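Me: Hi! I'm new to this one, could you walk me through it?

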Amino acid sequence: MSTFFFFVQLLNAIQYALILYLVASGLTLLLGIMGVINLAHGAFYMVGAYIAFAVVQQFGNFWLTLPAGILIGLALGALIEKFLLSRLEGADHLSQVLLSFGLILLINEGQRLIFGNDPHGVEVPKILAASIPLSNTLSYPVYRLFVCAVGIVFIIAIGLIMAKSRIGMMLRASAENRDMARAMGIDVKFVYLGVTAVGIACTVLAGVIAAPLASVYPGMGDQVLIQSFVVIVLGGIGSLSGALVGSLLLGLVDAFGKQFFPNYAAFLVYAAMIAVLIVRPQGLVRSRGT
Amino acid sequence: MRKTDLLITRRSALKAVGGAAATGLLVRAFPTPAIAQAAPLRIGFMLPYTGTYASLAKNIDGAFRQYVEEKGGKLGGRSLEYVMVDDQAEPSKATDNMNKLVDRDKVDVVVGTVHSGVQMAMVKIARESGKLMIIPNAGADDATRSACAPNIFRTSFSNWQPCFPVGKVMAEKGHKTAMTITWKYAAGEEDVRAFKEGFGAVGGSVIGELYVPFPEVEFQSFLTQIAEKKPDAVFAFFAGGGAVKFVKDYAAAGLKKSVPLYGPGFLTDGTLQAQGEAAEGLLTTLHYADDLDNPTDKKFREGFKKKFNADADVYAVQGYDSAALLGVGLEAVKGDMKAADAMYKAMGAAKIDSPRGPLSFSASHNPIQNIYLREVKNGKNTFVKIAHANLADPGTGCKMS
């Protein structure tokens, strides 16, 4: 393997990691701050992809899909917190698992009724449709680099909000000790509403942005759900910086594993997870809500 | 949903019984001994009516009924009634579902299925029970190789069939080296093996085999490896959403221009609308194309369009021919399924004028058929030429007893 292709694989690893981070952040927000296990995470990702498909088909403009995804995601998240999750406060994880499993069934069946079972494609917006030639055989799609850029902006933004802003402080306080936060005058109910809305909107948005890359088809969220869980278990449950570390590790193992040990590619990711669980059961980064 | 289906069939079964009784009375009043068996023949469809393969099931089931209707609602003088079981493409439920059809519903013929894993469980029961089974899609080689049986017929393809001729096509284009890429699962591995056999036979060499964990769709790392090794061509097998993403990623990585992509027709069947520009110009091989333009195909496509307001596809053709094959068997024994040996013999010797072209059967009951080279043009899989005429599966390991 030449140095050139080593760096191409490194680029593959990093861009895959950034996509994974975008996708997993919503799950880790909900789990870290509210302790909610959301199995429907992959289904919300799929909702995002289908929103992108429907909006592009209806209006022929990809850029409209971003606000559409954010708005629908926020609304969906708020409704789910208000009418479903808030009723489970204090209940055990099994209830959450059942609830989110029910949501998966609902969303899958809804998708089938509205869009049918055929796979669909979403065109990459014209301005990003080009590819940058890397060698005489290989070029890199600009849209993938765009997704990387979105991922980086997202990491910086969420890091700043969490560490520096008043909202971030409230979030961390609510995550650390719900009752104490309440006693200090933080409206925990409102915080939860906001976190669920934002967390699910993140996931839906990730689906929207990934749609031109991933195409749009039934069950596309299943794989994403598993990968997201691997990412947050690797990185440390509920930690956003941990999710970043987890994503990078998973991206590296995936890209180079497929290059050097192609026969074990499927297994390597989980082997890495098991290794981390044995050595550092709390994940690579231990923290609460940051 | 399944419950209502069964209720309806039960109700129509009651009606049928009533009708049969009435006919019996009439027969007694006006003695005409020619009516052999009044009870309708029970056809058991075991297909994935829900889930990813639902559209395949719909087209197989629909085109089967279309054929029967075109023949006036009867095959070999017998009217038909249908029992439907949704197998959900779920191998773990396959044995139960098949037993339901055979033991509880007492069907005369089983038509199914799409998914190869489910199929092999059905094959086992068909072999044990001796029930006539017609396979309208699943391509698992073994169903008409080591697991073949007199009562098992296939009207679709063995995985080997559409892939073997790809090597010859590549050699004709002057390609000497190739890499393969597919999901790491049974069908993918059978396809790659068939391609290697065909490519090796014309002196080509496979310089790399890539296997993507099933059902993962992150191809970037593999595409980089293809760009690094620079083969003359790539053989790929994916289907459904995976095929859409692979073909788009392949084009976006700039490989389409430098390393031409080939594969069995599933790479571009039912996916072209989603693949768009990225699929244009791809060459694939299959036993059907969108514009074969023979009279049977024309009539079939018009009939299908009228009945379902949708375009027929290769799966519909396979359903249509399943009914045609059953018709040949029933015709030969005048609708008397007890004469099983004679019936199977007639089916094995059947020469069907199929929408796909001439269709006959090899000793292991797998189709002998043309494999066509198709090119994607303006969102259609258009006919280029016959890649391999009258191709028969080798049927390795088949011992009919």
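Predicted model: local features only at pLDDT ≥ 70, side-chain atom pairs only at ≥ 80, totals over all residues.

Me: What are the ipTM and pTM scores?
Reply: Both ipTM and pTM are 0.86.

Me: How many residues of chain A are in contact with chain B?
Reply: 33 residues of chain A are in contact with 35 of chain B, where contact means C-beta atoms, placed from the backbone, within 7 Å.

Me: Which element gives the most on chain A's side?
Reply: That's α1(A), with five residues; helices here are DSSP runs (H or I, at least four residues), as strands are (E, at least two), numbered from the N terminus.

Me: At what angle does α1 of chain A pack with α8 of chain B?
Reply: About 165 degrees, with their axes 10 Å apart. Axes are lines fitted to C-alpha atoms over the stretch in contact, and angles run from 0 to 180 degrees between N-to-C directions.

Me: Which residues make that contact?
Reply: Among them are A:Phe5 and A:Tyr16 of α1(A), and B:Thr224 and B:Glu228 of α8(B).

Me: Switching topic, what's the mean pLDDT of chain B?
Reply: The mean is 90, and 90% of chain B's residues reach 70 or more; pLDDT is the predictor's confidence in each residue, from 0 to 100.

Me: Where does it stay under 50?
Reply: Stretches of chain B under 50 include residues 1-10 and residues 16-36.

Conventions:
Residues numbered from 1 in each chain as written. Chains lettered and ligands numbered in written order. Contact = placed C-beta atoms within 7 Å.
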